[in-house]
Amino acid sequence: MKLLVLHGPNLNLLGTREPGIYGSQTLADINVSLEKLAVELGCTLTFFQSNSEGELIDAIQNAASGCRGILMNPAAYTHTSIAIRDALSAVGLPCVEVHLSNIHRREMFRHTSMIAPVAVGQICGFGSDSYMLGLRALFNYIKFQ
Ligand code: DQA
């Protein structure tokens with residue numbers, strides 16, 4: 001089972017970016033932990049981070065050939081991007097939306113997710129564990145659907 005892990009804008013700065021909110025792990029640290037879990041579960045991961053909406057959309061479209069699902073932290077595009085939502089809807093791959101922080105207990109503008117209505121589910125508020133829980137959830141969803 002091949003899965004795509006997508007990281008949105010500013011997540012390349014994890015480790016130094018507002019550590020009180022996002023923790024001290026870097027994106028590379030998170031990817032290493034995901035890779036270890038993927039080995040345990042028996043799936044293969046492809047990782048991609050971009051600060052631009054179009055590149056994330058291209059990655060979603062390309063995932064349609066070969067990948068079974070998408071684990072995505074759309075970062076700020078969560079709250080604004082109808083285009084990313086449409087891309088996910090168009091390819092029809094199961095997507096689990098994850099966030100390090102609990103977006104529902106932060107500013108009002110973070111309470112809305114354009115992605116949630118086209119995602120299998122959303123996991124937020126558990127720091128890097130959100131990604132691990134999200135990977136398990138996506139893997140099991142695909143395996144047992
Ligand atoms: C985030 C939450 C978003 O609101 C924010 O714009 C991010 C990170 C998170 O992982 O907590 O960049 O997606």
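Five of the five residues of strand S4 are buried, so S4 is largely enclosed by the rest of the structure; buried here means under 20% relative accessible area, with exposed set at over 50% and partly exposed in between, for a 1.4 Å probe and protein chains only. This is a predicted model, in which local features need pLDDT of at least 70 and side-chain atom pairs count only at pLDDT 80 or more, while totals for chains, interfaces and linings use all residues. Residues are numbered from 1 along each chain as its sequence is written, and side-chain values use heavy atoms, with hydrogens and water left out. Helices (H or I, at least four residues) and strands (E, at least two) are DSSP runs, numbered from the N terminus.

Both faces of S4 are covered, with Cys-95, Glu-97 and His-99 buried on one side and Val-96 and Val-98 buried on the other. S4 belongs to an open sheet of five strands, ordered S2-S1-S3-S4-S5, in which the pairing is parallel; two strands pair if DSSP finds at least two bridges between them. Strands of a sheet pair through backbone hydrogen bonds, either parallel or antiparallel. At the edges stand strand S2 (44-49) and strand S5 (121-124), each with a single partner strand, so one side of each is left without a neighbour in the sheet. Direction ignored, neighbouring strands of this sheet are turned by 20 degrees against each other on average.

Within the sheet, S1 and S3 pair in the parallel sense over five bridges, and Leu-3 has Gly-69 in S3 as its bridge partner. Helix H5 packs on the sheet, where it touches S1, S2, S3, S4 and S5, and the direction of H5 makes about 160 degrees with that of S3; such angles run from 0 to 180 degrees between N-to-C directions, and axes are lines fitted to C-alpha atoms, for helices over the stretch in contact. S3 and S4 also pair in the parallel sense, over three bridges, and here Ile-70 stands opposite Cys-95 in S4.

The side chains can be followed next. The largest nonpolar core has 25 residues, and those with the most contacts inside it are Leu-34, Cys-43, Leu-45, Leu-71, Tyr-131 and Leu-135; a nonpolar core is a set of buried Ala, Val, Leu, Ile, Met, Phe, Trp, Tyr and Cys residues joined through side-chain atoms within 4.5 Å. The elements that give two or more residues to this core are strand S1 (2-7), helix H2 (27-41), strand S4 (95-99) and helix H5 (129-144). Apart from this core lies another, of 17 residues, among them Leu-4, Ala-63, Ile-84 and Leu-88. Leaving aside neighbours within four places in sequence, Cys-43 is in contact (heavy atoms within 4.5 Å) with Met-1, Leu-3, Ala-38, Leu-135 and Phe-139.

Two helices form a further contact. The axes of helix H3 (residues 53-63) and helix H4 (residues 82-91) come within 9 Å and cross at roughly 5 degrees. H3 and H4 are therefore roughly parallel to each other, on a scale where angles under 35 degrees count as roughly parallel, over 145 as roughly antiparallel, 65 to 115 as roughly perpendicular and the rest as oblique. On the H3 side Glu-53, Leu-56, Ile-57, Ile-60 and Gln-61 take part, and they meet Ala-83, Ile-84, Ala-87, Leu-88 and Val-91 in H4.

The loops hold some backbone details. Most residues other than glycine have a negative phi. Asn-10, in the loop between S1 and helix H1 (19-22), has a positive phi of about 75 degrees although it is not a glycine, and at 34% relative accessibility Asn-10 counts as partly exposed. Not counting residues up to four places away in sequence, Asn-10 touches Arg-17, Gln-49 and Asn-51. Ala-75, found in the loop between strand S3 (69-73) and H4, also has a positive phi, near 50 degrees, but at 12% relative accessibility Ala-75 counts as buried.

Arg-110 lies in the loop between S4 and S5 and is buried, with a relative accessible area of 16%. Leaving aside neighbours within four places in sequence, Arg-110 is in contact with Tyr-22, His-79 and Ile-103.
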